[in-house]
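Subject: Model for your files

Hello,

Here is the model we spoke about. My notes on its backbone and one of its sheets follow below.

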Amino acid sequence: MSFTSITHTCQYNEDDGSMRMYIRGRPVVMYGPSDHDTLDPAKVAPPPQSKLKLEWVYGYRGKDCRSNLYLLPTGEIVYFVAAVVVLFNVDEQCQRHYTGHTDDVKCIAIHPNKLIIASGQCAGHDRLDARPHIRVWNSVSLATLAVLGSGHIERAVACLTFSRADGGSLLAAVDEGPDHTISVWEWQRPDKGHCVAETKCSVDTVVAAEFHPLDRNQIVTCGKGHIAFWTLDASNVLYKRMGIFETRDKPKYVTCLGFNHNGDVISGDSNGNLIVWGRGTNTIQKMVRGVHSGSVFSVCSLKEGAVVSGGGKDGRLVLFDADLQPTATENVIEGHYGGVRVIAEGRGSQLFIGTTKNCILHGDMELGFLPAVLGHVDEVWGLAAHPTLPQFVSGCWDSLLQLWDPLSHSTVWSKDIGERAQSCAWSSDGSVIAVGCVSGKWLVFDPVSREMVAHHVDGVEPIQTIQYSPDNKYVAIGSRDNFIYIYQVDDNCSRYSRLGKCLGHSSFITHLDWSEDSQYIRSNSGDYELLYWNATTCRQITSPTSMRDVVWASNSCPITFQTIGVWPENADGTDINTCTRSHDNRLAATGDDFGKVKLFAYPVTQPKSLCHQYGGHSSHVTCVRFLLDDSRLVSAGGLDTSLMQWVVE
């Protein structure tokens, strides 16, 4: 066989219209349609005319980050998830996004002028492009004002705080590295910020850092087994005094910091106590014991002097007067939202509560709290768009199945299915949702009643993909055990009888597509195979040339003739996790291991195809799907727990 054209990892054979692509050195031969024009593999295909614009981010990182929720004068709350800082006006239901970061944002700080924001990120995939650093930016224009600490910060920015007594000229940061280095920056310097002081902070974890609101050059830090009071002297040297505990009361963790109106420091700890440290001292002035059962995760000093504390385990909110005397007012947030991670004062008596299960609630102490943001708390893998309505469903390792309305950007419902969800699909008429689980089970739910209508088990490995045939008579289940199970579907998608299983793949099933006539299936596997199957007999079709003119109802398999160009040169094979085609056959989108969503002109048959590339996710993008009218694309961010909704422009 003479291959007439070779380009990076592909060889094109004009004689039979086939493309041989090498993934990790392994050849995959794919045949184009018989009426396909001859390809020139050296030619570069242009990107599509359409582009994506980030419209909405679903989720919030409250599970493991602190001091991550604030109210701005614009009426927006500011918080982060994945690599995006979100500015969300709850009343007007609109979001804006700061997208300057390249990996997980771990902390934010608000300047005393309430206009400027600093946000810190961790190290990313690309060591040069995604070094841990701090970005200072304008919350109105979203313009970046300074980038600090790149090449200076070791692992991630754990804490950030602007100076307050001098009008915010300094910014202090604590590194997540082994020495938890504290550094102080003159962030407005024209030479892109100047580090004026730096020293080792603690060998133990540091969870919070705050500049004193009244005393210049005073910083308080706290964390595992300690609270420390820092002074930045005239020669820019940082001096530390450790807080002195009475031995029997020393907590395992000092978990949060606040200040009363006298300038005393208030700390919360893992014993559920609140401690007042006299202004300018490192000694205990007052202790309120057992405020919470478990850790105090947040202390919020309100404008009129009252203080609210929040429990990370008990979910209680307790109101104190200015002298830290308990009042009769307290509230408990509902357990399924998690514990209290952070409290932020809103307008009037309103409070915003960030929770440990990645939700944001709003309300007040008297009337209670309602969700403003709901999210997943574990890896998100399952994502499917409704075939006839503007809705999509997500399934997660947190056992939550959630139905979303992308027009109102809200959750229609959320259901705990008792199993870690790996994949999900709508039936072709939208009457049911099938969920493939990590355990090998797959469950079918009625989206109206939310009741489970069917329950099956195929093997003990995760169900990687699940797809209904276009005529709704069959469902195909692709498992990590290398098999595809085919079921016949009856009684309005409530009764399933197994026809058989497709044997032939030598690795786990990753993706599959149905033909438009519901007769055939094509599938990809973990060792980069593209195989074809007769759906009704469960037999492999060993002649791929006989399948070259089959019309496919979807293109979720990334290894096909129509998606050759989505693979970068020297592709690893594991790089691309997900692929989808728009319903009008004009666009293809992929999600990869580097947090990128890419948009191509479909079909992507040129090995060299240009695309538009979008950041925002900070983990492997596990699934991308177009909504029914192709006006929007939704992406799932795996370990970053977020869902992102993009407008196709």
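Strands here are DSSP runs of E with at least two residues, and helices are DSSP runs of H or I with at least four residues, numbered from the N terminus. This is a predicted model, in which local features need pLDDT of at least 70, side-chain atom pairs count only at pLDDT 80 or more, and totals for chains, interfaces and linings use all residues. Residues are numbered from 1 along each chain as its sequence is written, and side-chain values use heavy atoms, with hydrogens and water left out.

Backbone first. Most residues other than glycine have a negative phi, and most peptide bonds are trans. Ser399, in the loop between β36 (392-396) and β37 (400-405), is not a glycine but has a positive phi of about 70°. Asn492 also has a positive phi, near 55°, and sits in the loop between β45 (484-490) and β46 (495-502).

Asn492 is exposed (over 50%), at 72%.

The bond between Tyr602 and Pro603 is cis, with omega about 0°. Pro603 belongs to the loop between β53 (597-601) and β54 (608-609).

Now the sheet. Four strands form an open sheet in the order β7-β8-β9-β10, with antiparallel pairing; two strands pair if DSSP finds at least two bridges between them. The edges are β7 (70-71) and β10 (94-98), each with a single partner strand, so one side of each has no neighbour in the sheet. β8 (77-81) and β9 (84-89) are joined by 5 bridges in the antiparallel sense. Tyr79 has Val86 in β9 as its bridge partner.

Regards

Terms used: Buried < 20%, exposed > 50% of the residue type's maximum accessible area, 1.4 Å probe, protein only.
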